[in-house]
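What would I find around each?

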Amino acid sequence: MAPMQRDRRRFLKEGASLAGLALAAPEIAAAAGVGQSKSIPGTISEFSPTGGSVLYGERSRFITSVRVIDTLAGHESHGSAPGVKPPTYRPDAKTPLRDSVGSITPSSLHFTTAHGYAPPDINPDEHKLVISGMVDRPSVFTMRELKRLPFVTRVHFLECVGGVALPFQGKTVTDTHGRTACSEWTGVPLSLVLKEVGVHNQANWIVGIGSEAGQHAKSVPMSKAMDDCLLVYAQNGEAVRPDQGFPLRLLVPGFEGLYNVKWLKRIQVVDQNYSTFQEQGRCCMNPELKNRWAHFDFGPKSVITFPAGEDEISKNEYLTITGLAWSGGGAIRRVEVSADGGRTWTDANLQGTVHRKAHVRFVMGWKWNGEETTLVSRCTDELGQVQPSVEAYAKFFGRTVEELARRGGGAGHVNFQMPWTLTRDGRVHNGLAGFSV
Ligand SMILES: Nc1nc2c(c(=O)[nH]1)N[C@H]1C(S)=C(S)[C@@H](COP(=O)(O)O)O[C@H]1N2
Ligand SMILES: [Mo]
């Protein structure tokens, strides 16, 4: 037997006896239902012990993780123009990061933000993308036409920029960091379509416009549009879901969520930033932030998702510290974890393929000695940018940490390190909560 195999055997054996689970072979067979005769069911629904159809999969009834309503969001956040209210209000919701595994977010749990508007009910056979403005050949594309163009499949995160207050006020990692998600997206490179219609030399920006009643619109610099933007129609191996922009969405990898226009119906090629009402609302209502309308990609960010706020752990229990790291600047190169409040750091392992501008899961084995301590992670991206501490972040914006905690939104990308404090009773708490009192 090869050494690895032997180790594995020993691990399985010890693991089983530790947990008191050693079963004799016949019991295993019985537990697995082997040898029991089953009649072949006559209808499709009989295949499912939960009553669901075999034609479209559903999860176990024991798995109950759901999105969490975003109480700070809705049409008041993200700066919708005053007075513009959605016809039918639909709340925004966060990704339940607390339950996250791996680095892809299930589409059904991907956070959703639409400033209070419900997803429009769009028939893809009737949907069209209009490209006009400063182009040689203004054009209309049907979904069928778009899908026949060369496409790419890429993994990218999305994150809403809103909410510097969240990391201070939230209890769980879902509360503090749930406005982000990561998917595998498929679509046509925007550059291909723009070259096809022929953009004018003076065309420096595009404006993407959505189909919902609020007509979300966002200006994107031409250099970015020609770089890695995508017109996506698929997410995680199926059509983009209505909450994420069915049937077509603009994906602007690494930039703030706001840029990624859902239910995309029009691209206007223009000469300057149009400062659409979403852009103005978000930045210019606050005079202090007037010059901040065009911050683009997210800096490096990471967070421990376990053990994190409201988890409980036991002394001397082996566990795996895990979390997510991502950066708008490219690929994550390194994640370090500290189990002593930032005094010493250890490199965590990155799981699977590390994609550019995408979540990557990190893991690190650990045993808690029962003393009060603080867990925190920090990451470094391919540009060498290091995730800042909250103190360094506050200093950059010319504020104290207490001011940040009190003031709420409006201080750029919220990408500072997130400390989780572990008290002697084994409970994990928000390590920034002290700043907001
Ligand atoms: N058409 C449209 N696109 C939109 C929005 C919107 O309200 N309408 N919200 C934007 C914002 S603020 C964010 S953070 C992301 C959220 O994407 P998601 O809902 O797929 O998570 O979509 C962006 N695209
Ligand atoms: Mo957002």
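**Around the ligand**

I sorted the shell around ligand 1 by class and got seven nonpolar, ten polar and four charged residues. I kept in mind that this is a predicted model.

Next I looked up the neighbours. Ligand 1 is surrounded by 21 residues. Phe111, His115, Glu212, Arg249 and Lys262 are the closest.

Then I checked polar side-chain atoms against the oxygen atoms of ligand 1. For His115, I found a distance of 2.5 Å to an oxygen atom of the ligand. For Arg249, the distance is 2.7 Å. For Gln244, an N or O atom of the side chain lies 3.1 Å from a ligand oxygen.

How much of the accessible area of ligand 1 does the protein cover? I read 99% of the 530 Å² that the ligand has on its own.

**The cavities**

I searched the whole structure for cavities of 30 Å³ or more and noted four. Ligand 1 takes up the space of the largest cavity. That cavity holds about 220 Å³ of space.

I listed its lining next: 19 residues. Nearest the centre of the largest cavity are Thr113, Arg249, Gly257, Asn260 and Lys262. The lining has seven nonpolar, nine polar and three charged residues.

I moved on to the second largest cavity, with about 90 Å³ of space. Its lining has 14 residues, and Glu159, Gly162, Thr176, Lys301 and Val414 lie nearest its centre. Helix 4 (166-169) and helix 5 (173-177) are the elements that each give two or more residues to this lining. By class, I noted six nonpolar, five polar and three charged residues there.

Definitions and conventions:
Residues numbered from 1 in each chain as written. Chains lettered and ligands numbered in written order. Predicted model: local features only at pLDDT ≥ 70, side-chain atom pairs only at ≥ 80, totals over all residues. Heavy atoms only, no water. Near = heavy atom within 4 Å. Polar contact = N/O pair within 3.5 Å; in protein donor to acceptor, adjacent residues only side chain to side chain. Areas by Shrake-Rupley, 256 points an atom, 1.4 Å probe, with all protein chains shown as cover. 1 Å grid on protein atoms, 1.4 Å probe; cavity = no way out; pocket = protein on both sides within 12 Å on 5 of 7 lines; lining within 4 Å. Sits in = over half its atoms within 2 Å of the grid points. Nonpolar A, V, L, I, M, F, W, Y, C, P; charged D, E, K, R; others polar. Points joined across faces, edges and corners; volume = space filled by probe spheres on them. Helix = DSSP H or I, 4+ residues; strand = E, 2+ residues; numbered from the N terminus.
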